[in-house]
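Here is a friendly walk through one model, written for someone who likes to know the cut-offs behind each term. Have the viewer open as you read.

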Amino acid sequence: MRYNIAPLYCRPWTLNGITPRLIESHYENDYGSALNRLNAIAEEIEALDPATAPARAISRLKRDEAAALNSTLLHELYFASLGGDGRALPEEMAGAIARDFGSVQRWRQEFIALAEALAGGSGWVLLTYVPRDGRLVNQSAEDHSQSISGGIPILAIDMYEHAYHLDFGANATAYVAAFMRNIDWAAVQSRYRNAVKVEPPPKLVQRQWPELPAMTVEEVKAMLDAGQPIQIIDTRPRHYTTRAQDIMEGAVWRDPERVDEWIGEISKTEPVVTFCVYGFHIGCETAETLRKAGFDARCMAGGHYAWKAKKGAVKLFE
Ligand SMILES: [Fe+2]
């Protein structure tokens, strides 16, 4: 495939303290080169026969392609980030930034610090929306190679020297300040609105127990930390626990095949949380059995390993 050039999104003569000469040179020489390089690489890849070409040659071309594609996309985002007055954030955008950074001021300070840290080097600072958590993050990306997987950049500052040298020499601080004065927040907000329409990755669904309430390890930990009453039962199968070396601190192990024998030991007035190895089956089944018997039981999503991955406390299992 061939990539087409995108027209310059911002109007260079409207920018405040950034000259049309700089934008023209940047657009023509750097953005243009990235796009042409991208197309040349795409052509080389198409001409290759993957059945006979050395794997290393294919791999190198694909790496070069990713760098050229990222450079192209980020330059387009950069030019589309400019052309506003920088200070006035539309309400929705200001609200989203305040939600995820504490305040617009704090966001601004972090963004500028990341950009200034790249002075004399090369790279990008991006404001990126992450659908998984529904939140915005600032990202510093050296060269064109790093990106947040699944993230959608909505604002970019180019910190390659070619982005400022013509107007600002080595004075990256003045360039960053000029960039901030020219952010087109209305355009950022329209990209944000598109970004939030992207669904997060599908969540794990326990189809067998669609009604069973689950708790996250974070919720269980918060209850324990707060000293709230909670009965935690490790129901990893016996054949598994004979090999297990640790158990969640605060949990007791009970054989899931002998619920009848231990159900009388637990209290109906305090909530019960059960879990197994990974949270798929036995923990849920046991929670379901307990609920049917009138207990306030739920399972812990992710089981023993989610607890350990969260660095929850464990003790020796004897
Ligand atoms: Fe650039």
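## A loop residue and the ground rules

Phe 280 is a handy place to begin: with a relative accessible area of 44%, Phe 280 is partly exposed. (Buried means under 20% relative accessible area, exposed over 50%, and partly exposed in between, using a 1.4 Å probe and protein chains only.) Phe 280 sits in the loop between strand S8 (272–275) and helix H11 (282–292). Helices (H or I, at least four residues) and strands (E, at least two) are DSSP runs, numbered from the N terminus. Along the chain, Phe 280 and Leu 204 are 76 residues apart, and their C-alpha atoms are separated by 9.7 Å.

The model is predicted, so local features need pLDDT of at least 70 and side-chain atom pairs count only at pLDDT 80 or more, while totals for chains, interfaces and linings use all residues. Residues are numbered from 1 along each chain as its sequence is written, and side-chain values use heavy atoms, with hydrogens and water left out.

## The iron site

Which residues coordinate the iron ion? They are His 26 (NE2), His 75 (NE2), Asp 158 (OD) and His 162 (NE2), at 1.8 to 2.1 Å. Donors here are N, O and S atoms within 2.8 Å of the metal (3.2 Å for Na, K and Ca); water is not among the atoms, so sites may look incomplete. The arrangement is tetrahedral because the 4 donor atoms subtend angles of 87 to 129 degrees around the iron ion. For reference, four donors count as tetrahedral if all angles lie between 85 and 135 degrees; four count as square planar and six as octahedral if opposite donors are over 155 degrees apart and all others between 65 and 115; anything else is irregular.

In sequence, the donor residues follow the spacing H-x48-H-x82-D-x3-H.

## The largest pocket

How much space lies in the largest pocket? About 680 Å³. On a 1 Å grid over the protein atoms alone, a pocket is an open set of points where a 1.4 Å probe fits, with protein on both sides within 12 Å along at least five of seven lines; lining residues have an atom within 4 Å of a point. Grid points are joined across faces, edges and corners, and a volume is the space filled by probe spheres set on the points.

The largest pocket is lined by 25 residues, and Lys 203, Leu 204, Thr 216, Ala 301 and Gly 302 are the closest to its centre. Strand S4 (214–215), helix H8 (217–225) and strand S9 (297–300) each supply at least two lining residues, with H8 giving the most, 3 residues. The lining divides into 16 nonpolar, 4 polar and 5 charged residues. (Ala, Val, Leu, Ile, Met, Phe, Trp, Tyr, Cys and Pro count as nonpolar, Asp, Glu, Lys and Arg as charged, and the others, Gly among them, as polar.)

## The second largest pocket

The second largest pocket has a volume of about 230 Å³. Its lining has 14 residues, with Asn 70, Leu 73, Leu 74, Leu 77 and Pro 153 nearest the centre. H2 and strand S1 (123–130) each give two or more residues to this lining, and H2 gives the most, with 5. The lining divides into 6 nonpolar, 6 polar and 2 charged residues.

Leu 74 is found in helix H2 and counts as buried at 8% relative accessibility. Leu 74 and Asp 234 are 160 residues apart in sequence and 49 Å apart in space, C-alpha to C-alpha.

Lys 311 lies in the loop between helix H12 (303–309) and strand S10 (314–316). Lys 311 has a positive phi of about 60 degrees although it is not a glycine, and is exposed, with a relative accessible area of 68%.

Gly 250 is in the loop between strand S6 (246–248) and strand S7 (251–253), and is partly exposed at 48% relative accessible area. From C-alpha to C-alpha, Gly 250 and Gln 231 are 8.3 Å apart in space, and they are 19 residues apart in sequence.
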